[in-house]
Amino acid sequence: MEVICTNDNFPAPVLAFYAEFGVQTPKRDQLYTIRQVKRHTTGETGVLLNEIQNPDVPVRHPVMGEVWFEPTFNINRFATLLGQPVRQEELEDVNA
């Protein structure tokens with residue numbers, strides 16, 4: 001599924017953390033293809049993009065302690081090619 005980045009503003013601490021591990025972030029008004037959809041423990045929907053392949057970074061997990069994952073980007077940072085918010089139903093086919 002193709003999407004357009006509409007929000008590339010990351011908080012400074014997040015950018016500093018990403019810089020430490022060489023993580024690339026999506027850029028506003030750029031076209032991306034969703035590679036995988038992941039549900040976070042917070043209930044938020046995150047996506048991995050075909051055009052950006054990042055290294056795993058350490059994440060503090062409440063049960064498993066420190067785990068390493070490729071960081072995802074919140075689906076709310078993207079819109080459809082028609083400029084609409086991405087609906088959950090549209091994401092269901094991505095991981096199929």
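**Entry 1: the β2 and β3 pair.** I began with Gln36, which stands opposite Leu48 in β3. I then looked at the strands around this pair: β2 and β3 are antiparallel and share five bridges. My rule for pairing is that DSSP finds at least two bridges between two strands. Strands are DSSP runs of E with at least two residues, helices are runs of H or I with at least four, and both are numbered from the N terminus.

A note on provenance before I go on: this is a predicted model, where local features need pLDDT of at least 70 and side-chain atom pairs count only at pLDDT 80 or more, while totals for chains, interfaces and linings use all residues. Residues are numbered from 1 along each chain as its sequence is written, and side-chain values use heavy atoms, with hydrogens and water left out.

**Entry 2: the rest of the sheet.** In what order do the five strands of the open sheet stand? I read β6-β3-β2-β1-β7, with antiparallel pairing. At the edges I found β6 (73–74) and β7 (78–79); each has a single partner strand, so one side of each has no neighbour in the sheet.

I followed β1 in both directions. Towards β2, three bridges join the two antiparallel strands, and Ile4 has Leu31 as its bridge partner in β2. Towards β7, the pairing is again antiparallel, over two bridges, with Cys5 opposite Phe78.

I also checked the faces of β1. Val3 and Cys5 make up its covered face, Glu2 and Ile4 its uncovered one. As a reminder to myself, side chains in a regular strand alternate between the two faces of the sheet.

**Entry 3: the core.** Next I looked for nonpolar cores, meaning sets of buried Ala, Val, Leu, Ile, Met, Phe, Trp, Tyr and Cys residues joined through side-chain atoms within 4.5 Å. Buried is under 20% relative accessible area, exposed is over 50%, and partly exposed is in between, with a 1.4 Å probe and protein chains only. The largest core holds 18 residues, and Tyr32, Ile34, Val47, Leu49 and Phe78 have the most contacts inside it. At least two core residues come from each of β1 (2–5), β2 (31–39) and β3 (45–49). The most come from β2, which gives three.

What does Tyr32 touch, apart from its neighbours within four places in sequence? I listed Met1, Glu2, Val3, Cys5, Pro26, Lys27, Leu49, Glu51, Ile52 and Phe78. A contact here is heavy atoms within 4.5 Å.

**Entry 4: the loop between β5 and β6.** I found Pro71 in the loop between β5 (65–69) and β6. Is Pro71 buried or exposed? Pro71 counts as buried, because its relative accessibility is 9%. Beyond its neighbours within four places in sequence, Pro71 is in contact with Tyr18, Val23, Leu48, Asn54, Pro55 and Val57. I also took the C-alpha separation of Pro71 and Asn54: 7.2 Å, for residues 17 apart along the chain.

**Entry 5: salt bridges.** I searched for a side-chain nitrogen of Lys or Arg within 4 Å of a carboxyl oxygen of Asp or Glu, and the count came to two salt bridges. One of them joins Arg35 and Glu70, with the closest N and O atoms 2.7 Å apart. Arg35 lies in strand β2 and Glu70 in the loop between β5 and β6, so the pair ties together parts 35 residues apart in sequence. Arg35 is partly exposed at 24% relative accessible area, whereas Glu70 is buried at 15%.

I noted Arg87 and Glu89 too, whose side chains meet in a salt bridge of 2.9 Å, N to O. Arg87 is partly exposed at 48%, and Glu89 is partly exposed at 46%.

**Entry 6: the whole chain.** The chain has two helices and seven strands, running β-α-β-β-β-β-β-β-α from the N terminus on. The C-alpha trace spans about 40 × 25 × 20 Å along its principal axes. Of the 96 residues, 34% count as buried. Among contacts between residues at least 6 apart in sequence, 56% join residues at least 24 apart.
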